[in-house]
Amino acid sequence: MAVQMLMVCVLGALLCQMWSSAEEEALHPWRNQGKGVVRVKRDWIIPPIRVLENSKQVPEDLVQIKSDKIFTGEVIYKLEGPGVDQEPKNLFEIDDKTGVIRSKRPLDRERHNSFTLKAFALSPSGERLENPTTIEIVVLDQNDNRPAFTQSQFGGIVSEFSVPGTSVMSVSATDADDPMTENAFLSYSIIGQESIPANAVTKTMFGINNETGAIYTRDVGLDREVVKSFRLKLQVADMGGMGLTSEGVAIIHVSDINNHAPQFSPASYSMTAVENREDYEIGRVNVTDRDDRGTGNWEAKYFISNDPEGIFAISADPATNEGVLTVVKPLDYEAQHEYVLILTVENVNPLSNKAPNLPMSTATVVVTVVNENEAPHFREDPIQIVVPESVVPGTLLKSNIAFDPDNSDLRYEISRDPERWLDINRVTGDITAKRTFNMRSPNVRNNIYNAVVKVTDADGVSTTATVAITLKETNDFPPQLIPLSGTVCRDAGRRNSGLSVTAVDKDLPPHAAPFTFEMPDDLSINWTVIQVNDTHAVLQPLIELEAGEYAVTVFVSDSGSPVLSAYAQVNVTVCLCDSFGDCKSEVGAVLGSSVGISFIALIIIMASIALLLLLLLLAVAVTSCGRRHHIKKGTGLLVGESEDDIRDNVFNYDEQGGGEEDENAFNIDLLWNPHDAPSTPGSYYPGSGVPRGKQPLRKDAPHNLPSPIYPRRPPADPTDIEDYINDGLEAADNDPNVPPYDTALIYDYEGEGSLAGSLSSIASGSSDGDQDYDYLNNWGPRFQKLANMYDPR
């Protein structure tokens with residue numbers, strides 16, 4: 001089915017053209033109805049509809065659409081797209097009965113320059129009667145926007161003395177109107193010029209390209225010393241300069257060129273400098289420069305034209321541009337008391353060719369040196385001295401070591417000399433050796449000994465210097481032969497037979513090795529010494545010697561200057577050697593001898609020796625048994641050969657009181673008069689302090705009462721030993737010549753440091769060699785522990 005539409009434009013009759021398009025499905029349900037049912041052959045092409053922006057005739061009819069097909073029913077027209085049901089909404093509408101499209105509000109091209117709409121012809125039921133028609137609405141521009149500069153203020157720089165036509169800067173502007181129309185065609189102009197300072201320049205110095213906005217110089221006379229900058233008032237207009245206008249500002253600064261050389265002001269100066277000081281400021285010089293302050297055209301560089309030794313230096317103060325004159329090397333008033341310096345100055349940047357041709361500025365500075373009391377000076381520091389270590393005391397080592405610039409009297413002293421090897425003349429400063437040096441001192445490092453000397457002038461100003469004494473090694477010690485004893489195999493023909501000897505020397509090279517070993521002809525005629533290397537030799541017999549000890553004299557010399565030598569006597573043992581060259585024992589020597597006795601004879605000799613040893617052991621055993629105080633076995637446990645008082649064989653153990661557990665013990669405590677003490681050491685009863693041969697006296701009873709009879713013999717039956725001990729204890733308790741059991745004992749002072757561990761110890765003060773305690777083993781099991789304590793084994 002073919003559908004044709006007739007478009008009527010409010011602006012005039014427009015030609016309709018034929019066009020074809022495929023319509024997309026829309027969101028509305030009626031757009032899909034009839035698809036595939038009505039076959040479209042051709043449609044009318046509607047040209048764009050042009051609408052002027054900002055129109056005040058609203059609502060305004062734009063176009064009417066109408067179908068040429070005759071329907072039996074009513075036709076309803078619909079419109080959709082941007083400006084209708086899409087943003088921006090409510091700009092256009094369509095009369096659903098007549099198909100007239102009209103604008104509802106004024107349009108703004110700067111916001112929306114065109115709209116694409118779709119128109120539909122529908123039946124009352126919503127059925128699409130024909131394909132939708134695309135309607136293009138183009139908004140026509142009006143000059144409703146002023147042009148505007150892109151910056152509120154433009155800035156540029158131009159060098160002073162620039163020639164006319166020099167490009168300075170460019171300005172730009174924009175216009176929101178249609179750039180394809182005259183409404184956006186811009187034109188630039190300069191409508192005003194102000195100089196800074198005001199009225200410094202009155203003529204027009206700059207021009208502008210009305211199309212591009214490029215600003216350039218128009219005239220000569222840009223001098224930064226006269227004018228610093230310009231303020232230009234700019235204008236831009238659309239429609240080629242005939243339309244709307246806007247204004248802007250451009251600031252142009254005149255930049256400096258180095259057209260002024262610095263000048264000294266004033267040209268002469270007087271300054272003072274103290275001698276012996278360095279790296280300090282003595283004064284400043286001033287220059288003037290009309291160029292821009294703080295730039296390289298203004299900054300100055302100073303030079304000293306007549307200071308070949310570099311005693312002075314001058315630099316520029318970056319803040320003030322002044323020249324700062326300093327002393328970099330100490331001055332000497334005695335050498336020179338005045339200096340006349342010639343200074344020159346120039347800029348950091350090269351001088352422009354537009355600057356006046358003037359000579360370089362110079363200034364004269366007179367520097368007067370101020371004298372001060374200077375410290376003495378050493379002619380060298382450290383003071384180098386080279387001397388042999390064996391220098392003779394009193395030898396002059398160094399003289400004329402210091403001087404005073406002020407010609408003052410000097411006093412010398414040694415402030416540090418750890419070995420006290422040096423002496424110094426306090427007036428002349430002559431350094432002499434106080435004693436012989438020793439290179440092995442811990443204060444000598446790398447053969448150098450360091451000391452410190454001090455010199456003071458008349459005003460008390462002093463200085464010190466190090467004395468570095470390099471010690472040269474001398475030949476002070478002769479070499480010493482080692483070893484001084486050894487063994488040599490008897491077989492002189494044995495390979496490697498001989499005693500290897502060497503030498504040691506306390507001296508250092510070259511006064512030590514190589515050593516020379518010699519054999520004095522008149523001292524050792526049967527021996528020779530063979531030099532092996534620089535440090536070793538071999539001592540060998542010339543003939544086969546008998547086994548035994550030999551004293552061989554060797555003469556050893558070093559390589560020092562002068563050569564030192566020493567004799568050494570080597571004790572050599574000549575012996576029979578085994579296959580390894582080691583000395584064999586006596587038995588091995590006999591067995592290994594080819595001229596020895598037979599084996600059977602050797603066995604007989606060894607058996608005889610063993611028998612003699614056995615007899616010797618038996619004799620010792622018999623002698624030991626005879627020392628048991630002649631105790632006779634079989635006659636009782638305590639039976640002896642003598643009838644003497646048995647108390648002479650009982651030892652006291654320094655018990656000075658009793659206890660509950662000791663009341664039944666056999667105890668003899670002795671009390672004696674200390675005035676009767678003998679003066680001979682060792683003449684006391686063991687452990688008691690009582691002199692031997694003296695009967696202790698009882699202090700609380702008459703001395704002339706007789707003592708009771710003590711039991712003399714122990715019973716023959718060991719079971720009666722308890723009765724025997726009790727009888728002796730009772731007799732001792734009733735004896736008036738001995739103290740009672742609980743009486744305090746008084747002993748004579750026998751010195752300090754007793755061997756007894758405590759009073760309860762049973763250790764006797766006498767020597768174990770004086771008594772034999774073997775008989776304690778026969779007293780039964782009660783005395784076994786005591787017997788074990790006195791067992792000599």
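# Charges and backbone features in a predicted model

In this predicted model, Asp178 touches Arg109, Asp141 and Ala184, leaving aside residues up to four places away in sequence. Asp178 sits in the loop that runs between strand E14 (173–174) and strand E15 (187–196). The residue is buried but has no salt bridge. The nearest side chain of opposite charge belongs to Arg109 and is 4.4 Å away.

Arg109 does have a salt bridge, and its partner is Glu110. The closest N and O atoms of this pair are 3.5 Å apart. Arg109 counts as buried because its relative accessible area is 11%, and buried means under 20%. Glu110 has a relative accessibility of 26%, so this residue counts as partly exposed.

The count of salt bridges comes to 18. One of them joins Glu372 and Arg277, with 4.0 Å between the closest N and O atoms. This pair links distant parts of the chain, 95 residues apart. Glu372 belongs to the loop between strand E28 (362–370) and strand E29 (377–378), while Arg277 belongs to the loop between strand E21 (268–274) and strand E22 (280–285). Both residues are partly exposed: Glu372 has a relative accessibility of 25%, and Arg277 has a relative accessible area of 42%.

Another salt bridge connects the side chains of Glu346 and Lys301, at 3.6 Å from N to O. Here too the pair links distant parts of the chain: Glu346 is in strand E27 (residues 338–347) and Lys301 is in strand E24 (residues 300–304), 45 residues apart. Glu346 is partly exposed at 29% relative accessibility, and Lys301 is partly exposed with a relative accessible area of 34%. Salt bridges can also join into a network, as they do among Glu281, Arg284, Asp317 and Glu322.

Charge also gathers on the surface. Glu722, Asp723, Asp727, Glu730 and Asp733 form a patch of negative charge there. Glu722, one of these residues, lies in helix H3, which covers residues 721–733.

The backbone is the next topic. Most peptide bonds are trans, and most residues other than glycine have a negative phi. Pro88 is in the loop between strand E6 (76–80) and strand E7 (92–94). Ile482 and Pro483 are likewise joined by a cis peptide bond, with omega about -5 degrees. The place of Pro483 is the loop between strand E39 (480–482) and strand E40 (485–489).

Asn90 is not a glycine, yet its phi is positive, at about 65 degrees. Asn90 is found in the loop between E6 and E7, the loop that also holds Pro88. At 43% relative accessibility, Asn90 is partly exposed. Arg420 has a positive phi as well, near 55 degrees, and is a residue other than glycine. The loop between strand E33 (411–416) and strand E34 (422–424) contains Arg420. Is Arg420 buried or exposed? Arg420 is exposed, because its relative accessible area is 59% and exposed means over 50%.

Conventions. Residues numbered from 1 in each chain as written. Predicted model: local features only at pLDDT ≥ 70, side-chain atom pairs only at ≥ 80, totals over all residues. Heavy atoms only, no water. Patch = residues over 30% accessible without salt bridge, like charges linked within 9 Å, V, L, I, M, F, W, Y side chains within 5 Å. Areas by Shrake-Rupley, 256 points an atom, 1.4 Å probe, with all protein chains shown as cover. Lys, Arg positive; Asp, Glu negative; His and termini not counted. Charge placed at Lys NZ, Arg CZ, Asp CG, Glu CD. Helix = DSSP H or I, 4+ residues; strand = E, 2+ residues; numbered from the N terminus. Buried < 20%, exposed > 50% of the residue type's maximum accessible area, 1.4 Å probe, protein only. Contact = heavy atoms within 4.5 Å.
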